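Have it open while you read.

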Amino acid sequence: MTHNKKWIYKEHDDSAVARLQETYLIPRLTAAVLQNRMDAIAPDLEDSGEDFSRRLYDTGLLKNVTAAVERISHAIENREHITIYGDYDADGVTSTAVLYLYLKERGAVVDYYIPDRVGEGYGVNTAALDKIKGNGAGLIITVDTGVTAVAEVEYAKQLGMDVIVTDHHECKSNVPVCHAVIDPKQEDCAYPFSELAGVGVVFKLITALDGGANTEALIEKYMALVCLGTIADVAPLIDENRTIVTLGLRRFAQSGNAGVDALLDAANLRGKPVTAGSIGFIIAPRINAAGRLGRAHKSVELFICGDRARAREIALELSGENQSRQNMEREIFEE
């Protein structure tokens, strides 16, 4: 059987293709594809390490971010107890860690709560809110969760706690009625990119809390974790997520975070190029394995402890749990 097909090629500039071949040492076909898509990829090829961060969007465009900043700043200044309510996957863990580290540096009275996957399930639950209230919290900030927790947020308010929701999941017709809901997917949000991971939303929040004056310093401190959570959550690596991951990968091996360094050592990645693939398939599964076994708090501790010996101990423990998870899956598959 004969199939007659006619290939239609987009015209391209031969001289531009030749320059791309020479500059990036790539085959002609690859260079032709790149040249035909130059409008989309030019910023990634042209931006230098110094000015790449300028491609991050203005945080002030996020709906309700000003109200959130005012309430959190008030809590910091008045030494009010803040609890971060996170999630047990890698995005939730890195979201919790980034916000915790930032608030601690600002002098806040802050702790965190991660629900047990087996015993509590996903999201905000009333039993957890009772515990948080019992610990003296006056303000709850959710990260990577909460945008659908309408009844639970109302319960928290009945207990006398204010709630700020930060999330990136799809919103239902009604969002929680609380002090502020920050989610780029919510209706009437002017933010130009709606596909941030939960940790990306948290990073935007801390840049707003910082007044926008020290964004470069925040990138240096936290972007490796933001990059990790973004990749682990399989957020599309386009637009601002591509900027976040590019900035994070450039800093991953020199992040300054004891937990990140310990994970690189435990995964035998020290001295090797860190890529989206190595994070997604080697590093992130170690964090997610702990969450599946109800020990996500260990992953948060890894990133916030600041003690290299303790971080090394936790990283090896997480690696062991990930191996156990792999063995369990293998046994189930064989059965």
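1. Ground rules. This is a predicted model, where local features need pLDDT of at least 70 and side-chain atom pairs count only at pLDDT 80 or more, while totals for chains, interfaces and linings use all residues. Residues are numbered from 1 along each chain as its sequence is written, and side-chain values use heavy atoms, with hydrogens and water left out.

2. The sheet. Five strands make an open, parallel sheet in the order S2-S1-S3-S4-S5. Strands here are DSSP runs of E, at least two residues, and helices are runs of H or I, at least four residues, both numbered from the N terminus; two strands pair if DSSP finds at least two bridges between them. At the edges sit S2 (109-113) and S5 (180-182), each pairing on one side only. From one strand to the next the twist averages 20°, with axes fitted to C-alpha atoms (for helices, over the stretch in contact) and angles running from 0 to 180 degrees between N-to-C directions.

3. Strand S1. Have a look at residues 81-85: five of the five are buried, so S1 is largely enclosed by the rest of the structure. Buried means under 20% relative accessible area, exposed over 50%, and partly exposed in between (1.4 Å probe, protein chains only). His81, Thr83 and Tyr85 are on one side, Ile82 and Ile84 on the other, and both faces are covered. S1 pairs in the parallel sense with S2 over five bridges, where Ile84 stands opposite Tyr112. With S3 there are four bridges, again parallel, and Tyr85 faces Thr142.

4. S4 (162-166) and S5 pair in the parallel sense over three bridges, with Val165 opposite Val181. Helix H8 (198-209) lies across S3, S4 and S5, running at about 120° to S4.

5. Helix H9. Check Tyr222, where H9 (215-232) bends by about 60°; that is the angle between axes fitted to the seven residues ending there and the seven starting there. In H9, 13 of the 18 residues are buried, so the helix is largely enclosed by the rest of the structure. Just after H9, Val234 has a positive phi of about 55°.

6. Cysteines. There are zero disulfides, a disulfide being a pair of cysteine sulfur atoms within 2.5 Å. For Cys171 the closest cysteine sulfur is in Cys189, 9.0 Å away and too far for a bond. For Cys305 it is in Cys227, at 20 Å, also too far. Cys171 is partly exposed at 23% relative accessible area, and Cys305 is partly exposed at 27%.

How values were computed: Contact = heavy atoms within 4.5 Å.
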